[in-house]
Number of protein chains: 2
Amino acid sequence: VNRPEIILAPGPTPIPPEVLLAQANPLVYHRGPGFGALMTDVTARLKELYRTKDADVLLMTSSGTGGLESAIQNCFSPGDEVLVPLAGFFADRWRQLAEAYGLTVHAVEEPWGTRLDPSKVAAALAEHPGTKAVLLTQSETSTGVVQPIEDLARVANEAGVLVVVDAVSSLGAVPFAFDDWGIDVAVGGSQKALSASPGIAFVAISERAWAATEVAANPRFYFDWRIYRRFAELRHPENPWTPAISVLQGLQAALQLYFQDGVEAAMRRHEMLSRAVKDGVRALGLDLFGEGLEDNWTVTAIRAPEGLDADSISDRIRADFGCVLAPGQGPLKGSVFRIGHFGYFSELDIIRGLAALEMTLERLGYPVKRGAAVAAAEQVFQEAATP
Amino acid sequence: VNRPEIILAPGPTPIPPEVLLAQANPLVYHRGPGFGALMTDVTARLKELYRTKDADVLLMTSSGTGGLESAIQNCFSPGDEVLVPLAGFFADRWRQLAEAYGLTVHAVEEPWGTRLDPSKVAAALAEHPGTKAVLLTQSETSTGVVQPIEDLARVANEAGVLVVVDAVSSLGAVPFAFDDWGIDVAVGGSQKALSASPGIAFVAISERAWAATEVAANPRFYFDWRIYRRFAELRHPENPWTPAISVLQGLQAALQLYFQDGVEAAMRRHEMLSRAVKDGVRALGLDLFGEGLEDNWTVTAIRAPEGLDADSISDRIRADFGCVLAPGQGPLKGSVFRIGHFGYFSELDIIRGLAALEMTLERLGYPVKRGAAVAAAEQVFQEAATP
């Protein structure tokens, strides 16, 4: 069928035309003043987004996973102990990455969908006094749960361990404060709340993390932070390797759009869109998955109704309406589907998605009161517009 | 100054408008049939470019250097012995990468600009019978020399060691034959002869290299070939991590353009453009750098005339004409500058670059017969057009 894909998945998100067109501009050569100005601008905006004054922010050509691996390579040596609270697919990626590099992983295992309890993390840190860092995931995209990073970082700071955060699918959508929360490493990605194209990961690095880098023995080259810093400090800042210039040009345009309204407005918008999705879905009689729903502004995980396979919902809505939701991952496959609502979404994007969901569920035999989800979302938007 | 950058550097190269516009298309979601078709098409074209029937070709989001690191991670264990013939900046990158991962490097050191002698490599392999692989660089971009990979691979195959080739800046510009030459790993990049945007590296992998992968103990995750292969074998092929989709869309368009004329025509064009640059520069009385000039179709390294700093030439031509040449690297800094001529270049791109060089040299006080370089290039083009 010849029609647009309507992306309601947790990244890549819909890309604004301004960003797409910036990617179509002639590429600025990556060694020289033009690229230096691009890098300076993008880095300054990202520092504002991270809410950091002092941290270095490095840009790498990779997916978010590459950025995560860079943290493992640059901060640790084989045998180093790290604590990984496990409550979803992406937390488990931290575990896999750490194990791939020979770290000793102390896992705090919780059921998927759990909002982590900082006191349990504090207890685990007390139990393993040799721990060097805690590896956290702010938005656990597989369950929709946004973890309480501020509180988790507090107990980690009290224990004197590094705080390393996967903020790939949360940065820009939910509050983050690198300096105030005492974060040491935070990894973000171009294709999430900023709605640029995938291809660029960024990493914010504290002084303490730089100190860890000096003694870290893990092998590294392409992701070696020290090389990136050396090139970032040139008179015309550069990337050590030829970067994804077109994606960076798009990212610059995306940041410009994002900062037109500013960080606070983006947070309010994400909170509103999240409530609209959740109220809309509940109005259809569906149950939501995961704890901490009022804080989960990035993605909503929804239990499929009795007797319906969740994958059949995401398959059918894509086939019938070109609407891309995300299926369940890991143990949630078949029982949960997910709607992403961070990034370049407006109220009406959510409305059309909910309408498509209503019609899809009805076609699959689930009894739907037509317009019910849309009405619930309109209620949220009308309230938000009332002064 | 508000004018286009005219790129005559060895990558990124000028990007065709068709490619830029493909990057500006809405992104196809990276899990599903649309992306599967994109990946299948790009991979099939690349296999044709590599001239391989049986090798796997994997696509990764990174610069070429990331692709090189993937070879070190996936084929080797700490302590493994590798042979690295050193005759330029990028060969030395192999050495750095291998050492970063604790390999034992046997270096065959030659002066920069040397075209490697296969018999010397054979002798070094005989001297180090524990060697597991030879790490080669087809186009040594720092010196312009295109190394005799076919002959080098022959002696490596005779010695029973793996042949790992950095073909980043050569694939598509000069002949390459993965199967016929007995290559085991060859790394390419999107932003070179194919004239797509930077951001995608590709790696062709032989059966023997896959066997090495099974026993390789180097840590890896983001670049782990086994994970890429698993996702490439899905019904709708995928990348394991969110890839640089826009760059891939551009790469698909670039490959379509490239194959309109085909590989043979591209080779003839690169050979012609290379001759035009070299004859043009010589007509100005300048000396070329590096051995094997008639085979060096990717980039031409030029000695600055007595009394002129090479960087002043590349700085001035950029300031006055927006023309981006490449400065000298390593020991050649200040004495050599380079003109890249692989990728989306036509005869007239070369002509305008040579005219800019004539005027720049004259402005710097070097005596120039105006039009001499252009005339020499025209001579090459006229001959090429004569049946």
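In this predicted model, S195(A) counts as buried because its relative accessibility is 2%, which is under the 20% cut-off. S195(A) sits in the loop that runs between β9 (185-189) and β10 (200-205) of chain A. Its phi is near 60°, a positive value in a residue other than glycine. Most residues other than glycine have a negative phi.

Chain B has an entry for S195(B), in the loop between β9 (185-189) and β10 (200-205) of that chain. Phi of S195(B) is near 60°, again positive in a residue that is not glycine. With 2% relative accessibility, S195(B) counts as buried.

Backbone geometry also stands out at two proline positions. Most peptide bonds are trans. The bond from G11(A) to P12(A) is cis, with omega near -10°, and P12(A) belongs to the loop between β1 (6-7) and α1 (17-23) of chain A. In chain B, the bond from G11(B) to P12(B) is cis, with omega near -10°. P12(B) is placed in the loop between β1 (6-7) and α1 (17-23) of chain B.

Charged side chains come next. Side chains of opposite charge can pair when their charged atoms come close. Over all chains, the structure holds 44 salt bridges.

| Salt bridge | N to O distance |
|---|---|
| D80(A) and K132(A) | 3.4 Å |
| R154(A) and D151(A) | 3.1 Å |
| R363(A) and D320(A) | 2.9 Å |

The side chains of D80(A) and K132(A) meet in a salt bridge. This pair links distant parts of the chain, 52 residues apart: D80(A) is in the loop between α3 (64-75) and β3 (81-86), and K132(A) is in strand β5 (residues 131-137) of chain A. How do the two partners stand in accessibility, buried or partly exposed? D80(A) counts as buried, at 16% relative accessibility, whereas K132(A) counts as partly exposed, at 24%.

R154(A) and D151(A) lie in one helix, α6 (residues 149-159) of chain A, 3 residues apart, which is about one turn of the helix. R154(A) has 43% relative accessibility and so counts as partly exposed. D151(A) counts as partly exposed at 31%.

R363(A) and D320(A) form a salt bridge. The pair links distant parts of the chain, with R363(A) in helix α13 (residues 347-363) and D320(A) in helix α12 (residues 310-321) of chain A, 43 residues apart. R363(A) is partly exposed at 43% relative accessibility, and D320(A) is partly exposed with a relative accessible area of 22%. Elsewhere in chain A, D92(A), R95(A) and E99(A) are joined into one network by salt bridges that share partners.

Which residues form a negative surface patch? The patch is made of D54(A), D179(A), D180(A) and E207(A). Of these, E207(A) is in helix α8 (residues 207-215) of chain A. E207(A) counts as exposed because its relative accessibility is 60%, which is over 50%.

Another glutamate, E358(B), lies in helix α13 (residues 347-363) of chain B. Is E358(B) buried or exposed? At 6% relative accessibility, E358(B) counts as buried. Leaving aside residues up to four places away in sequence, E358(B) touches L284(B), V368(B), R370(B), G371(B), A372(B), A373(B) and V374(B). The C-alpha atoms of E358(B) and A326(B) are separated by 17 Å, and the two residues are 32 residues apart along the chain.

Definitions and conventions. Residues numbered from 1 in each chain as written. Chains lettered and ligands numbered in written order. Predicted model: local features only at pLDDT ≥ 70, side-chain atom pairs only at ≥ 80, totals over all residues. Heavy atoms only, no water. Patch = residues over 30% accessible without salt bridge, like charges linked within 9 Å, V, L, I, M, F, W, Y side chains within 5 Å. Areas by Shrake-Rupley, 256 points an atom, 1.4 Å probe, with all protein chains shown as cover. Salt bridge = Lys/Arg side-chain N within 4 Å of Asp/Glu carboxyl O. Lys, Arg positive; Asp, Glu negative; His and termini not counted. Charge placed at Lys NZ, Arg CZ, Asp CG, Glu CD. Helix = DSSP H or I, 4+ residues; strand = E, 2+ residues; numbered from the N terminus. Buried < 20%, exposed > 50% of the residue type's maximum accessible area, 1.4 Å probe, protein only. Contact = heavy atoms within 4.5 Å.
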